[in-house]
Amino acid sequence: MKYLFSFVFFLLFLFPTCVLSKTYNATYKIKTNGLLIGKLDWDLEINNNSYSLYIELKNKGALSVLFSFEGSYSTKGMIVDGRFVSADYSQIWKTSKKKRDVGISFKDRRILNLDQLPKENELLRVDLDSLVGYSDPLTSFLKLLNGSNESKTIDGRRAYTLQFVEEGQKGKKYVVKNFSNLWADHKRNGLEYICFEEGVNKFVPNSILISFKGRLFKALIN
C-alpha cells in the first residue's frame, strides 16, 4: 500500500494537467424556418490553466443539394483568475462559391496579428491597437457560458460587444453593441443577438439561437 501511494503521488506530480483535464463534447442539429440545414460538433477541453475549443460545421438535410457549406473553427488560450483569455483563433469557411481563412493571434489582451485568405483589398478602418481586451468569437461564447455579462469580440471582419439583456423562455439573451466593420465604412450589421439555454453542464448548452440578417438559426443538441 505504501508503494501504491508513492506511485499515485508521483503521477500527480508528473502529470497534473492530465488529472485536472475535462472534456465536453456534443453534436447539434442546425435548423432555420423549421428546416434542417446542418450539424455542428462541439469539442471543448479545459485544463487547470488552459483551454481549447474546436467546432466543425457541415451542411445536412434536403437543402444540401442546393446549398453546401462547411466550416471549422478553433481557439486556444489560458485561464487566468477564472477568466478565458484568447491566444490563437482560426476559421475556415467554405461554400460551393468561395473559401475564406481567418487567423487571429493575441498577446497581453491585445491583437498581435490578423491574417485573412484571400487577402483583403480594403484598408483597415479600425486601429487594432485600440482593441484592448477583445476575444475571438469562440472564447467570447465560453466567457458568456461561464457567467460573464458581456464580452468584447473580434472575428476578423467585425468588432463588437455581446451584452446580456434578459433571460426568458429562449434562455439568456445577448445583443450586439458597439459594432464596427473592420474593412468597410458602413455600419450594417447582420448579427443581431444570440441566446442560449443552459444544459446539464454550463459548457454544453441545450440550444443556441442566433439572429442573423433577420433570420433565426437554431442549434439544438442531439
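**View 1. Y24 is buried at 12% relative accessibility.** The model is predicted. F203 is buried too, with a relative accessible area of 6%. The cut-off for buried is under 20%.

**View 2. Two ring pairs share F203.** A search of the whole structure finds 8 aromatic pairs. In one of them, the ring centres of Y24 and F203 lie 5.5 Å apart. Their planes meet at 55 degrees, so this pair is tilted. Y24 sits in strand β1 (residues 22–32) and F203 in the loop between β11 (191–197) and β12 (207–212). The pair thus links distant parts of the chain, 179 residues apart. F84 and F203 have ring centres 5.9 Å apart and planes at 75 degrees, so that pair is edge-to-face. F84 belongs to strand β5 (residues 83–95), 119 residues from F203. Both F84 and F203 are buried.

**View 3. Ring pairs build a cluster from W42, F141, F164, Y174 and F196.** W42 also has a bridge partner in β3, I55.

**View 4. Strands β2, β3 and β4 pair in the antiparallel sense.** Strand β2 (residues 35–46) is joined to β3 (residues 50–59) by 9 bridges. The two form a hairpin, with 3 residues between them. β3 pairs with β4 (residues 69–80) over 9 bridges. Here K58 has E70 as its bridge partner in β4.

**View 5. A nonpolar patch lies on the surface.** L35, L63, L66 and F67 form it, with about 420 Å² of accessible area together. L66 is found in the loop between β3 and β4. L66 is exposed, at 72% relative accessible area.

**View 6. K173 lies over the face of Y193.** The distance to the ring centre is 4.4 Å.

Methods: Residues are numbered from 1 along each chain as its sequence is written. This is a predicted model: local features need pLDDT of at least 70, side-chain atom pairs count only at pLDDT 80 or more; totals for chains, interfaces and linings use all residues. Side-chain values use heavy atoms; hydrogens and water are left out. Two strands pair if DSSP finds at least two bridges between them. Helices (H or I, at least four residues) and strands (E, at least two) are DSSP runs, numbered from the N terminus. Patches are made of residues with over 30% relative accessible area and no salt bridge: like charges are joined within 9 Å, nonpolar side chains (Val, Leu, Ile, Met, Phe, Trp, Tyr) within 5 Å. Accessible areas come from the Shrake-Rupley method with a 1.4 Å probe; for residues, only the protein chains shown count as cover. A salt bridge is a side-chain nitrogen of Lys or Arg within 4 Å of a carboxyl oxygen of Asp or Glu. Buried means under 20% relative accessible area, exposed over 50%, partly exposed in between (1.4 Å probe, protein chains only). Rings of Phe, Tyr and Trp (its six-membered ring) pair if their centres lie within 6.5 Å; planes under 30 degrees apart count as stacked, over 60 as edge-to-face and the rest as tilted. A charge sits over a ring if NZ of Lys or CZ of Arg is within 6 Å of the ring centre and within 35 degrees of the ring normal.
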